[in-house]
Amino acid sequence: VGEVVRERHPAVLAEWAPLAQDIATAAAVFSIASDVLPKPGRTALKELAAEVAGRAASSLALTERGAPGLAAALGADLPSFTTLPKPAAVPGAAPGSEPPRPEASMAGADVMAMYRARERLAGADGGLALMAAACLQAGGTRFANALHESGGIELLERAVAAATMLLAASEADSVGASQAGEAIDEGTAAVAHEAAVSFTASAAAAAAAFLPRLMEGGAEVCSRGLVKALLALHASLATSSESLAASIGRMAAGDAPAMLQARMDVVTALQCWGSGGEWRPDLVTSVLLGPDADSFSPPAAAVAQSPREMLALTALLGDLFPMEWPPPGAARRPGQAHPPPPGMASRAALARSLEAVTAPLAAILGTAVLCEARILRSALARLAARAAGLGGGMGMFLSGPIIADLTAASEAADPLAAGRRVLEVVVPLSYRPALKAAFLQLECGAALARLLAAIASPDAAAKHAAAGRADEAQAVATMILEAVTVLISPDVCLDPSASKERRSVTDTPPLLEMASLVAVVLGCLPRLGACAHLAGRLLRATAGGR
């Protein structure tokens, strides 16, 4: 029974809903009967009975009283906010502008009180799962509007804030268990993490189902608190051990799929504020400057950020931007035009929002490219690949800081290290037609030639060999040659339907830049070692081109 009532699938929830009263009664009897067992077994069975009773109570509330009943049940189970005194009005604010809302916080003791009361935690978890299921079924828009009238936005904000705090607590337990030995029981930490992941998955699923239904029904939502809570939850999910492992291709079984699904559900919920409708605050402004930034005059630049905050922000932008366009691989089908990008309206709305907050985005690009953390540069590459598909000169905007850092790498004190960091971003992005076009306009080929000359000159080669860095120099030279190969290929292009002769002019470097590239490669050829065959292939390609 415990496994059945934990299931979030709408069909399963609907199947046992008529039996909720019987299940609750059976759970109470089971709890009383377990008193005769020894303490270890008795505790576990009582917790299971409390969980079953809590989930059955939420189902019963929905069945008997509909959306208002579910809202009342969630309101009783979820931790409440503590509202601080209302702040004073901002001097010089525009007439009619929205004043700052009172800051609300959730006490950690209240969240832990919900966690320790297993019936209450299960009731909130199950109620959020029922909320998501009801919104996804036929008549979900009517249900969402009824829940909205019963305080659904505030309930969702409380659930999301509690989920963020539960995740933080479980992550702290995991760190303590690994670093403090026996101080924290690993089994207890695992149970706590499983409960936190389950509650978070239910809260994220409820947000992803409830908010789009409200939008379909024409509701206008202005909730800075909910946006803040969703942003905080996404930051926790994006920097969790499960997400970090998945970003480097090492996702394991267990809680990872649920965490990644919750992350995508939070993104779905946030996109309701970025679809070009009347919901406030503006999504992109909230992400880059904070949810309160559009109440009055926004700051000129973003505030200082920790590495974790920058990674979370970069990952969030990568999640929010639409899928890449042109799609990966489309440029390898010459003779066929690219299909039109999906979601034109949302792409245009995002592009308009970005126009007002380009300074913080440029700061992120400039910092992340030079960051030693490879995981941050990986997130940056994903962000740039997706954002380039928005059009409107976005490719040039994104490429500017990257090519500037590439140009500076050849003159750095250690061009090998500086070049490696930038090239790990440049190489994958050069395969994206929109960014390749911008790279060509910014003379990326010339910058690559200067960097190759800096790391493969006779003096540099001798210095690298003496320092034991010859293999690193080979790796950097290989990346340079790969990027150049893509730049001179007419098959990676914006318009595959054009003739090869046309693409050889519009989608490759100019003749003078190509000549300088060939000269540098020929000059460095004796010192390229194992990657000399790549240089030979590149030279043959240029000889067969223009």
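**Exercise 1.** Which residues does Ser353 touch, not counting residues up to four places away in sequence? State also where Ser353 sits and whether Ser353 is buried or exposed.

*Solution.* The model is a predicted one.
- Step 1: locate the residue. Ser353 lies in helix α15, which covers residues 344-355.
- Step 2: list the contacts. With residues up to four places away in sequence set aside, Ser353 touches Asp282 and Val284.
- Step 3: classify the accessibility. The relative accessibility of Ser353 is 17%, so Ser353 counts as buried. The cut-off for buried is under 20%.

**Exercise 2.** Describe the protein as a whole: how many helices and strands are there, and what percentage of the residues is buried?

*Solution.* 
- Step 1: count the elements. The protein has 26 helices and two strands.
- Step 2: take the buried share. Of the 546 residues in the protein, 48% are buried.
- Step 3: look at the contacts along the chain. Taking contacts between residues at least 6 apart in sequence, 77% join residues at least 24 apart.

**Exercise 3.** Work out how helices α10 and α12 are arranged, and which residues form their contact.

*Solution.* 
- Step 1: find the helices. Helix α10 spans residues 224-238 and helix α12 spans residues 256-270.
- Step 2: read the geometry. The two pack at an angle of about 150 degrees, and their axes are 10 Å apart.
- Step 3: name the arrangement. Angles over 145 degrees count as roughly antiparallel, and α10 and α12 are therefore roughly antiparallel to each other.
- Step 4: The crossing in which α10 passes α12 is left-handed.
- Step 5: list the residues. From α10 come Val227, Leu230, Leu231, Leu233, His234, Leu237 and Ala238; they meet Met259, Ala262, Arg263, Val266, Val267, Ala269 and Leu270 in α12.
- Step 6: sort them by class. The contact of α10 with α12 has twelve nonpolar residues, one polar and one charged.

**Exercise 4.** Carry out the analysis for helices α18 and α19: at what angle do they pack, and which residues meet?

*Solution.* 
- Step 1: find the helices. Helix α18 is made of residues 394-409, and helix α19 of residues 415-430.
- Step 2: read the geometry. Their packing angle is about 150 degrees, with the axes 9 Å apart.
- Step 3: name the arrangement. At that angle α18 and α19 are therefore roughly antiparallel to each other.
- Step 4: α18 and α19 have a left-handed crossing.
- Step 5: list the residues. In α18, Ile402, Asp405, Leu406 and Ala409 meet residues of α19, including Pro415, Ala418, Gly419, Val422 and Leu429.
- Step 6: sort by class. Ten nonpolar, one polar and one charged residues make up the contact of α18 with α19.

**Exercise 5.** How close do the axes of α16 and α17 come, and at what angle do they cross?

*Solution.* 
- Step 1: read the geometry. The axes of helix α16 (residues 358-370) and helix α17 (residues 374-387) come within 8 Å and cross at roughly 135 degrees.
- Step 2: name the arrangement. α16 and α17 are therefore oblique to each other.
- Step 3: list the residues. Leu365, Ala368 and Val369 in α16 meet Leu376, Arg377 and Leu380 in α17.
- Step 4: sort by class. The contact of α16 with α17 divides into five nonpolar residues, no polar ones and one charged.

**Exercise 6.** Where is Gly75 found, and which residues does Gly75 contact beyond its neighbours within four places in sequence?

*Solution.* 
- Step 1: locate Gly75. Gly75 belongs to helix α4, residues 39-77.
- Step 2: classify the accessibility. Gly75 has a relative accessible area of 26% and is partly exposed.
- Step 3: list the contacts. Aside from neighbours within four places in sequence, Gly75 is in contact with Leu155 and Arg158.
- Step 4: compare sequence and space. Gly75 and Gly151 are 76 residues apart along the chain, and their C-alpha atoms are separated by 9.1 Å.

**Exercise 7.** Which two residues does the cis peptide bond with omega of about 5 degrees join, and which residue has a positive phi although it is not a glycine?

*Solution.* 
- Step 1: find the cis bond. The bond joins Arg280 and Pro281.
- Step 2: Pro281 is in the loop between α12 and α13 (283-289).
- Step 3: find the positive phi. Glu443 is not a glycine, yet its phi is positive, about 60 degrees.
- Step 4: The loop between α20 (433-441) and α21 (444-456) holds Glu443, and at a relative accessible area of 48% Glu443 is partly exposed.

Key
Residues are numbered from 1 along each chain as its sequence is written. This is a predicted model: local features need pLDDT of at least 70, side-chain atom pairs count only at pLDDT 80 or more; totals for chains, interfaces and linings use all residues. Side-chain values use heavy atoms; hydrogens and water are left out. Axes are lines fitted to C-alpha atoms, for helices over the stretch in contact, and angles run from 0 to 180 degrees between N-to-C directions. Helices (H or I, at least four residues) and strands (E, at least two) are DSSP runs, numbered from the N terminus. Angles under 35 degrees count as roughly parallel, over 145 as roughly antiparallel, 65 to 115 as roughly perpendicular and the rest as oblique. A crossing is left-handed if the near helix is turned anticlockwise from the far one by less than a right angle, and right-handed if clockwise. Contact means heavy atoms within 4.5 Å. Ala, Val, Leu, Ile, Met, Phe, Trp, Tyr, Cys and Pro count as nonpolar, Asp, Glu, Lys and Arg as charged, and the others, Gly among them, as polar. Buried means under 20% relative accessible area, exposed over 50%, partly exposed in between (1.4 Å probe, protein chains only).
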